[in-house]
Structures are given as C-alpha cells and as structure tokens.
Amino acid sequence: MNKLILGLCTALLISNPSFAAYERNKAVPVQQVLFGSVQSVRNITEHELVQDKNSGWKTFGGALLGGVIGNQFGGGSGRTAATILGSVIGGSVANNRQQSSHYNQYHLVELMIKVENGEQFMVVQDKDNQMIFRTGDSVRLVYLSDNTVRVDKAY
C-alpha cells in the first residue's frame, strides 16, 4: 500500500503540466480548432520556488560520515564524544553546503482571443520567441486531446 501511495505521489510531482514545454513539431491528437483574432497581448513572468527535496538525506549522510570519522578517535567515553561531535559537525557542514531552494523563472504570454462567432477566450501559455503575437493577428485556438489549449498563428 505504501509503495502505491509513493508511486502516485511521485507521478503527480513529475507530471506537473502547468509549465510543460510545447513541441510544435510533434504530431498530437486535436479535438477542436477555432479561428479568431488577438484582442490583447500581455507578457507575464512567473516565479516558482523549487525546494530541494533531498536536503534531509544530504544532512543525514553528512552526519553519518562525520560520526564514522569521529569514531576513529579516542577511546571509551572520549570515542563516544568524538563520534557525537563528528556527527553534529558533519550534519551541519552538509546542511550549510547545499542549496535548499531556488527559483525557476517562466516567461508566459496572456492572450485575449475573439473567435469568429464573437466569443472571447483568454489563454495563458508559455512564451515562444519563434511566435510573437500582436494585437490584430489572426490565430487559431487548438484544443488538444489532453484537455489543454494552444494558440498558434493562422497562416
């Protein structure tokens, strides 16, 4: 049961599609395509804090290594004190030397699209420097089979 829960949690963490890269040259199933024009464009920068999930194991490893080294010195209660001191120093050094978190920066574009039947849709997607959108551009909203939407220029 624990392996199943661990597997599901791992799959959820790995499969976060919110900032997945879109490959224009890859064929994917499409459900629907709507044509329209860009009403407004806004560039957005999104920051995501990424925590180092291995920091506990790194600290534990440093403490273990420090304890092994400290155990080599002294005898009797002196050896016990050296082992404890080595563990504390090793764990502290390992904890201070690792980077516990960092920021990922994503460049997104927010598009307000008015389709041919008059409806308006807002789409936020990753910014592609190969396809820059401007107000008035003719575009197509591509609804993919994985329940995502992608906006491309209509040529």
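Hi everyone, let's start with confidence: in this predicted model, pLDDT, the predictor's confidence in each residue from 0 to 100, is highest in strand E4 (residues 138–144), at a mean of 90, and lowest in helix H1 (residues 2–14), at 41. Over residues 1–21 the pLDDT is below 50, and beyond near neighbours in sequence this stretch has seven contacts (heavy atoms within 4.5 Å). Where pLDDT is low, the predicted coordinates should not be read in detail. For the chain, the mean is 74, with 71% of residues at 70 or more.

A quick word on the names: helices (H or I, at least four residues) and strands (E, at least two) are DSSP runs, numbered from the N terminus.

Now, which residues make up the largest nonpolar core? It has twelve residues, including Val-38, Ile-113, Phe-133, Tyr-143 and Val-151. Such a core is a set of buried Ala, Val, Leu, Ile, Met, Phe, Trp, Tyr and Cys residues joined through side-chain atoms within 4.5 Å. Strand E2 (101–115) and E4 each supply at least two of its residues, and E2 gives the largest share, four.

Let's finish with Gln-125, in strand E3 (residues 120–126). Is Gln-125 buried or exposed? Gln-125 counts as buried because its relative accessibility is 4%; buried means under 20% relative accessible area, exposed over 50%, partly exposed in between (1.4 Å probe, protein chains only). Leaving out residues up to four places away in sequence, Gln-125 touches Leu-108, Phe-133 and Val-151, among others. A polar atom of its side chain lies 2.9 Å from the backbone nitrogen of Val-151.

Residues are numbered from 1 along each chain as its sequence is written. Local features need pLDDT of at least 70, side-chain atom pairs count only at 80 or more, totals for chains, interfaces and linings use all residues, and side-chain values use heavy atoms, leaving out hydrogens and water.

Note on methods
A polar contact is a pair of N or O atoms within 3.5 Å; within protein, one must be able to donate a hydrogen and the other to accept it, and residues adjacent in sequence count only if both atoms are side-chain atoms.
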